[in-house]
Amino acid sequence: MFCAKVKEFLSQNNLAFTDRNIAADEAALNELEKLGYMTTPVTVIDGEVVIGFDAPKLRRLLQIN
């Protein structure tokens, strides 16, 4: 549910993103584990991590009003 919300938010703001499915991509799952997380969605913007759908933090990191 929150994965879809993050993708919708990014798409509505015309922002390119890479969608990685941890159920189908072992490398993506390993990367998530290395970050220390076992939940989704995890959005990484310039090294900053956003867990779940946190619109205010996404807006701040992406400099969207």
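Helices (H or I, at least four residues) and strands (E, at least two) are taken here as DSSP runs, numbered from the N terminus. On that basis, the protein has 3 helices and 2 strands. Along the sequence they follow the pattern α-α-β-β-α.

The model is predicted: local features need pLDDT of at least 70, side-chain atom pairs count only at pLDDT 80 or more, and totals for chains, interfaces and linings use all residues. Residues are numbered from 1 along each chain as its sequence is written, and side-chain values use heavy atoms, with hydrogens and water left out. The pLDDT is the predictor's confidence in each residue, from 0 to 100. Its mean over the protein is 96, and 100% of the residues reach 70 or more. Confidence is lowest in helix α2 (residues 26-35), at a mean of 96, and highest in α3, at 98.

The C-alpha atoms fill a box of roughly 35 × 20 × 20 Å, taken along the principal axes. The radius of gyration is taken over C-alpha atoms, and the globule rule is 2.2 Å times the number of residues to the power 0.38. For 65 residues, a compact globule would have a value near 11 Å; the protein has 12 Å, which agrees.

Buried residues have under 20% relative accessible area, exposed ones over 50%, and partly exposed ones lie in between (1.4 Å probe, protein chains only). Of the 65 residues, 23% count as buried. A nonpolar core is a set of buried Ala, Val, Leu, Ile, Met, Phe, Trp, Tyr and Cys residues joined through side-chain atoms within 4.5 Å. The largest such core has 9 residues: Val6, Phe9, Leu10, Ile45, Val50, Ala55, Leu58, Leu61 and Ile64. The elements that give two or more residues to this core are α1 and α3.

Contact means heavy atoms within 4.5 Å. Leaving aside neighbours within four places in sequence, Val50 contacts Pro41, Val42, Thr43, Lys57, Leu58 and Leu61. Thr43 is found in strand β1 (residues 42-45). Thr43 is buried, with a relative accessible area of 13%. Beyond four places in sequence, Thr43 touches Val6, Glu48, Val49, Val50 and Leu58.

Rings of Phe, Tyr and Trp (its six-membered ring) pair if their centres lie within 6.5 Å; planes under 30 degrees apart count as stacked, over 60 as edge-to-face and the rest as tilted. The whole structure holds 1 aromatic pair. Phe9 and Phe53 form this edge-to-face pair, at 5.9 Å centre to centre and 65° between the planes. The pair links distant parts of the chain, 44 residues apart: Phe9 lies in helix α1 (residues 2-12), Phe53 in the loop between β2 (48-51) and α3 (55-62). Phe9 is buried, at 6% relative accessible area, whereas Phe53 is partly exposed, at 30%.
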